[in-house]
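Work through the exercises below with the model in view. Try each task before you read its solution.

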Amino acid sequence: MNYRHIYHAGNFADVLKHAVLARLVTYLGQKDKAFRVIDTHAGIGLYDLASEEAQKTGEWLEGIGRLLSEPLPAAVEPLLAPYLAAVRAVNDGDRVLRYPGSPMIVRHLLRPQDRLSALELHPDDYETLHRLFDGDFQVRVTHLDGWLSLGAHLPPKEKRGLVLVDPPFEKEGEYERLVDGLEKAHRRFPGGTYCLWYPLKRGAPIDAFYAALRESGIPKMIAVELSVRSDRETTGLSGSGLVIVNPPFTLEGELAVLLPFLKERLAQDRFAGTRVVRLAGETG
Ligand code: SAM
């Protein structure tokens, strides 16, 4: 396990993932009934952007740094408000020195009746995350392979909730693993909302990934993508995507406002682009 998210925290891929994650959790909070979020690959929860690692790549400057570099358009502001409230909650004033990871963003949006289960396999990262939420009875941090939780922890006892699957993609076959994991999870918890992260880069098997998702027979599913640059100039990420199963009926309308804005603000060259692909069914 070599992947450490500190090098990437707050980058353009985190901005898309966390902005959408916050929309999904906010939607769940519109009904009184309790929900649970399961974060299968949780990371350490809070990232020091002044650290040597974050400074070394400077990736956050092209993500959350750019996002906050100018005021937000009026139509975008309320859509990003839940996400940015979580970012501001870990910083003093408007300077961003720390960046919240997915468990911290989710925690910020929980109501007293809601719960978060966060899984992390790296022993040091697990320890850090466990310490961060020590004494918080709404959060359970577990040192476990997140893929296993897609069987063992589903359905949650609340019977309502969201599963975030955000693996590091450091091994071959992660796209296939994502589809297998989703199929297994969806059989156990078909009513859950799922948000699965995947990278866009040169040679990424996106067509085969979409085909496998379509073949799964899962009835309501979209993919949301933001590319910030051409994949010809870099061997690294050129963008990222999210597969969302059982998206709230409000989400596509929100994305129609958010995605063009994110593209404009985060674009690194003229090949930046966005798309929403309906992989299955009428959403909503
Ligand atoms: N979800 C986090 C966020 O948005 O702030 C970032 C997670 S990072 C992309 C992936 C994390 O998964 C790393 O912290 C890594 O140590 C952890 N990890 C790798 N393999 C894992 C596994 N099989 N089960 C659980 N965690 C794993």
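A residue is buried when its relative accessible area is under 20%, exposed when it is over 50%, and partly exposed in between, using a 1.4 Å probe and protein chains only. This is a predicted model, where local features need pLDDT of at least 70, side-chain atom pairs count only at pLDDT 80 or more, and totals for chains, interfaces and linings use all residues. Residues are numbered from 1 along each chain as its sequence is written, and side-chain values use heavy atoms, with hydrogens and water left out.

**Exercise 1. Thr193**

Task: Decide whether Thr193 is buried or exposed, and list what it touches.

Solution: 
- Step 1: Thr193 belongs to strand S7, residues 193–200. Strands (E, at least two residues) and helices (H or I, at least four) are DSSP runs, numbered from the N terminus.
- Step 2: Apply the cut-off. Thr193 has a relative accessible area of 12%, so it is buried.
- Step 3: Find the contacts. Contact means heavy atoms within 4.5 Å. Setting aside residues up to four places away in sequence, Thr193 touches Leu24, Gly161, Leu162, Val163, Val245 and Asn246.

**Exercise 2. The chain as a whole**

Task: Describe the chain by its elements, its extent and its contacts.

Solution: 
- Step 1: Count the elements. The chain has 10 helices and 10 strands.
- Step 2: Along the principal axes, the C-alpha atoms fill roughly 45 × 40 × 40 Å.
- Step 3: Look at burial. Of the 284 residues in the chain, 54% are buried.
- Step 4: Look at sequence separation. Among contacts with a separation of 6 or more, 78% join residues 24 or more positions apart.

**Exercise 3. The core**

Task: Name the residues that touch the most other members of the largest nonpolar core.

Solution: 
- Step 1: Define the set. A nonpolar core is a set of buried Ala, Val, Leu, Ile, Met, Phe, Trp, Tyr and Cys residues joined through side-chain atoms within 4.5 Å.
- Step 2: In soluble globular proteins, nonpolar side chains tend to be buried together.
- Step 3: Read the core. The largest one holds 93 residues, and Ile64, Leu80, Tyr83 and Tyr198 touch the most other members. Helix H1, residues 12–28, gives the largest share of this core, with 11 residues.

**Exercise 4. Backbone in the loops**

Task: Where is the cis peptide bond, and which residues have a positive phi?

Solution: 
- Step 1: Find the cis bond. It joins Leu154 and Pro155, with omega about -5 degrees. Pro155 sits in the loop between helix H7 (146–152) and strand S6 (161–165).
- Step 2: Check Phe169. Phe169 is not a glycine, yet its phi is about 55 degrees. Phe169 lies in the loop between S6 and helix H8 (174–188). Phe169 is buried, at 16% relative accessibility.
- Step 3: Check Asn246. Asn246, also a residue other than glycine, has a positive phi near 55 degrees. Asn246 is in the loop between strand S9 (239–245) and helix H10 (251–266). Its relative accessible area is 18%, so Asn246 is buried.
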